[in-house]
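Morning, everyone. I have one structure to walk through, and I'll keep it brisk. Let me put it on the screen.

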Amino acid sequence: SPIIEVSDLSKTYASGTPALKGVTLDIREGEILALLGPNGAGKTTFISILCGLVTPTGGQVRVGGHDLLRDYRAARSLIGLVPQEIALEFFESVINTVRFSRGLYGKAPDDAYLERVLRALSLWDKRDAKLRELSGGMKRRVLIAKALSHGPRILFLDEPTAGVDVNLRREMWEVVRGLKAEGVTIILTTHYLEEAEEMADRVGIIDKGRLLLVRDKADLMHEFGQ
Ligand code: ADP
Ligand code: ADP
C-alpha cells in the first residue's frame with residue numbers, strides 16, 4: 001500500500017487565496033516523486049500540509065497508515081523536511097548540528113544512526129568542521145542531514161536546487177539519488193523540467209492548485225516527445 005495517501009486535499013488561506021483544489025495522490029514507498037509547476041502553483045502549500053505545518057481546508061492525508069490530522073505525532077515522526085529557507089548556526093559543528101536536531105524531535109541520542117546519515121551524505125569526514133567552513137553544497141547536505149536526524153522514512157525537499165549553479169544542482173541530484181538507494185521515499189518540488197526528468201521516478205504536474213497529471217517519467221517523456 002502507498003506510504004502516503006492524499007485524497008481530495010484543498011487549502012484556501014485565510015486571505016481567500018485558493019492554493020490547492022481537490023488534490024488526490026498516492027505516493028509509493030521508496031520512489032522519488034517530483035512535483036513540477038510554476039511559482040504560485042501550490043507546491044509549497046502541498047508539502048507544508050503533508051508535513052503538518054499548514055492545516056488543510058478539506059480532504060484527507062494518511063502517512064504510513066496514520067491520519068495526519070488525528071494522529072499527528074505518529075505521522076510526523078515518519079517525515080523529514082528540507083525547507084526552502086536556509087538557517088544554520090554557522091559556528092556549530094556538523095555533528096553537533098545533527099545531534100541537536102535529533103534532540104528537538106525528542107529522540108534518544110543515537111550516534112551510530114547519525115554516522116550512517118552523515119556517511120550517506122559524504123559528510124562524515126567533515127563531522128567536526130564548523131558550518132561556516134563548508135561549501136554551499138556541503139551546507140545543503142547538512143540541511144538534509146538535519147531533516148533525517150530523527151530517522152524518518154520520507155523526505156520532502158522544497159525546491160532543493162533553487163538559486164544554485166549548474167554544478168551544485170548536479171551534485172544535489174546525486175545526493176538525492178543516494179538517499180533513494182538508502183530506501184528513503186523522496187518528494188521534491190521544482191520548477192525545472194530538466195530536474196524532474198533527471199531525478200524522479202514519477203512526475204506530478206501542478207498548476208493553479210490542481211494536480212493536472214502524474215506519470216512515470218518514461219511515459220511523460222514519451223507523451224511529450226522528449
Ligand atoms: P492560514 O490560513 O494557514 O492561517 P494565513 O492566510 O493566515 O494562513 O497566512 C499565514 C501567514 O502567511 C501570514 O503571516 C501571512 O502574512 C502570510 N501570507 C499571506 N499571504 C501570503 C502569500 N501570498 N504568500 C506567502 N505568505 C503569505
Ligand atoms: P508554489 O510553492 O508552487 O510557489 P505556494 O504553495 O507557495 O506555491 O502558493 C500557492 C498560492 O497560495 C499562491 O497564490 C500564494 O500566493 C498563496 N499562498 C501561499 N502561502 C500563503 C499564505 N500563508 N497565506 C496566503 N496565501 C498564501
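Where is Lys208 found? Lys208 sits in the loop between β9 (202–207) and β10 (210–216). Helices here are DSSP runs of H or I with at least four residues, strands are runs of E with at least two, and both are numbered from the N terminus.

Some ground rules before we go on. This is a predicted model: local features need pLDDT of at least 70, side-chain atom pairs count only at pLDDT 80 or more, and totals for chains, interfaces and linings use all residues. Residues are numbered from 1 along each chain as its sequence is written, chains are lettered from A and ligands numbered from 1 in the order in which they are written, and side-chain values use heavy atoms, with hydrogens and water left out.

Back to Lys208. Its phi is positive, about 50°, although Lys208 is not a glycine. Glu159 has a positive phi too, near 50°, and is likewise a residue other than glycine. Glu159 belongs to the loop between β7 (154–157) and α6 (166–181).

Now, buried or exposed? Buried means under 20% relative accessible area, exposed means over 50%, and partly exposed lies in between, with a 1.4 Å probe and protein chains only. Lys208 counts as exposed because its relative accessibility is 61%. Glu159 counts as buried, because its value is 7%.

Next, helix α1, residues 43–50. Seven of its eight residues are buried. Among them are Lys43, Phe46, Ile47 and Leu50. After α1 comes Gly52, with a positive phi near 80°.

On to the interior. By nonpolar core I mean a set of buried Ala, Val, Leu, Ile, Met, Phe, Trp, Tyr and Cys residues joined through side-chain atoms within 4.5 Å. The largest one has 43 residues, and Ile144, Leu155 and Ile186 have the most contacts inside it. Several elements give two or more residues to this core, including β3 (32–36), α3 (94–104), β8 (185–190) and α7 (193–199). Which element gives the largest share? That is α5, with seven residues.

Let's zoom in on Leu155. What does Leu155 touch, leaving out residues up to four places away in sequence? Its partners include Gly80, Val82, Ile144, Leu179 and Ile187. Contact here means heavy atoms within 4.5 Å. Apart from that core lies another, of 29 residues, among them Ile4, Leu33, Leu50 and Ile79.

Last topic: charges. A salt bridge is a side-chain nitrogen of Lys or Arg within 4 Å of a carboxyl oxygen of Asp or Glu. The structure holds 11 of them.

First up, Asp216 with Arg28. Their closest N and O atoms are 3.5 Å apart. This pair links distant parts of the chain: Asp216 is in strand β10, Arg28 in the loop between β2 (18–27) and β3, 188 residues apart. Asp216 is partly exposed at 33%, and Arg28 is partly exposed at 43%.

Then Arg119 and Glu115, at 2.8 Å, N to O. They are four residues apart in helix α4, so about one helical turn separates them. An α-helix has 3.6 residues a turn, so residues three or four places apart point the same way.

Finally, Glu198 and Arg177, with closest N and O atoms 3.1 Å apart. Glu198 lies in helix α7 and Arg177 in helix α6, so the pair ties together parts that are 21 residues apart in sequence. Glu198 is partly exposed at 33%, and Arg177 at 36% is partly exposed as well.

That's my tour. Over to you.
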